[in-house]
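Hi,

Here is the structure I promised to pass on. Have a look at it first, and then read my notes below.

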Amino acid sequence: MTRWGMVIDVRRCVGCQTCTIACMQEHGLPAGTAWRFVADIEIGEYPNVRRLFLPMQCMHCAEPPCVPVCPTGASRQRDDGIVFVHYDACVGCGYCAMACPYHARHLVHAADGYFESPTLSEQATARPERHGVMTKCTFCKERVDDGRSRGLTPGVDPEATPMCSVACIADAIVFGDFDDQSSRVSQMIADGKAQLLMPECGTQPSVYYLTD
Amino acid sequence: MATMPQPAPVELIPAEPQRLWGTPAVANFFLGGLGAGLYIAAALAARFGPAPSVRIASWLGPALVLVGFAAVATESGRPMRGARVLWRIRTSWMSRELWLGGAFVLLAAADLVFPLALHRVQASVAAALLALAQGFIVRRSRGVTAWDVPVMPVVFLASALVSGAGLYFMIELSLGRLPEAVVLPAVVGLLAAGLVVWLRYLAWSGEPAFLEAVRALRDARAARLIIGGGYLAPIALVVLARVVPAAAGPALYLAGALMLAGQLYAKTLVILKAGMLRPITLGALRLDRRLP
């Protein structure tokens, strides 16, 4: 079996938002929609203060609360753990966004452009099937699937790896198969120090964070 | 310099208001509950004596439910795909809501055309399940701290019954009738139970995120309008109607209007104000890194 996931090393993240932009470019996201972002966080009070960059995205939970609540079956989970939205089946009711504890879903009512009229680039990357429906990080499943079909290894070969991971300038975002004990992600969490966001929600996220 | 580690979990991204469900969702939750509650109240009252309002409830209740469905459909991104919402009855309370709403409409229509006790019981059960289903929709919203509480379906059922009983009062009085005497203590009991459920909901959790989310429900204005105006004042007015028969008409009409308004305000606040997305937290984060 395969279970795709990520380990994000927060200690390495410099908050440059390259992953954010790479994701928007890869998926042709309209203005105002970002499937991932890096939160710039100040924690504590002087003198015990720390600045933290926290890359946020869909956690591709093993027990995704967004999937069972979906009334149309548009929110789905693949056998390899990737959670995605089947755009043609989605009514855009927003229920999955209410069920997600990680603020990871985005309803695109209309593709806003950056200017008064769509640029050539925006016209070329327009995805009208995503209007009025829920959208979210897909772990770049098209890249992963296409890469695998060509014999590449996601997480090792850049052509088969999610764009955020490929684009990260600090090697802070690592993608791979948690069911493969020899994969880099498995080794990064092997010592048990990696953390999950809000494990108390019981969603079993597939994105781990390495902190101090 | 030595520093103390921060106690876990650390809030990294604060709660923020949900922006997808607005007034149309409130309309669906309120009108659905109102329609269901009206039918149940009228059907129960009809067991204790003549209640012409049950005929009205047989079409008005379903009509309110359908208006609620239509309202919420305008909020979806692709309303023309609305029929697909029926597909996931096995897992989604939104699908179940639609099925139960449809069953309620059909059974209430059957009661209207063929007024049999069996139809009335079946329609009442469907109405109660519809109100519960709406509560479960909200309860399964794991991303919203103030909604993801086990008591939420009971809150919605109680709200439906209170608002429905209020509308039942107003219809009976508009028809020139006073509700049966036995109905009044039952409504007082219902209001008292509804108040207990509401207070239990407000105190459901001591978790800071929950308390922050329900702050608007616990402030003085909400207490005045929901607890005072929506529960205590109607209780007083119903008691007044029982003690002073001459004042019964106006007192019960006002009580009904207050019960309606109180539940509308409560549901509006629950959806629009308490609908705060869960804050993002991380456990065991140390703050003493890089400090000298």
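This is a predicted model: local features need pLDDT of at least 70, side-chain atom pairs count only at pLDDT 80 or more; totals for chains, interfaces and linings use all residues.

Residues are numbered from 1 along each chain as its sequence is written, with chains lettered from A and ligands numbered from 1 in the order in which they are written.

Let's start with helices (DSSP runs of H or I, at least four residues; strands are runs of E, at least two, and both are numbered from the N terminus). In chain B, the axes of H4(B) (residues 117–139) and H5(B) come within 7 Å and cross at roughly 140 degrees. Axes are lines fitted to C-alpha atoms, for helices over the stretch in contact, and angles run from 0 to 180 degrees between N-to-C directions. H4(B) and H5(B) are therefore oblique to each other (under 35 degrees is roughly parallel, over 145 roughly antiparallel, 65 to 115 roughly perpendicular, the rest oblique).

Next, H5 (residues 152–174) of chain B and H6 (residues 183–202) of chain B: their axes come within 9 Å, crossing at roughly 145 degrees.

Finally, the contact between the chains takes 40 residues from chain A and 37 from chain B. On chain B's side, strand E1 (10–13), helix H3 (93–113) and strand E4 (280–282) each supply at least two residues.

Cheers

Conventions
Two residues are in contact if their C-beta atoms, placed from the backbone, lie within 7 Å.
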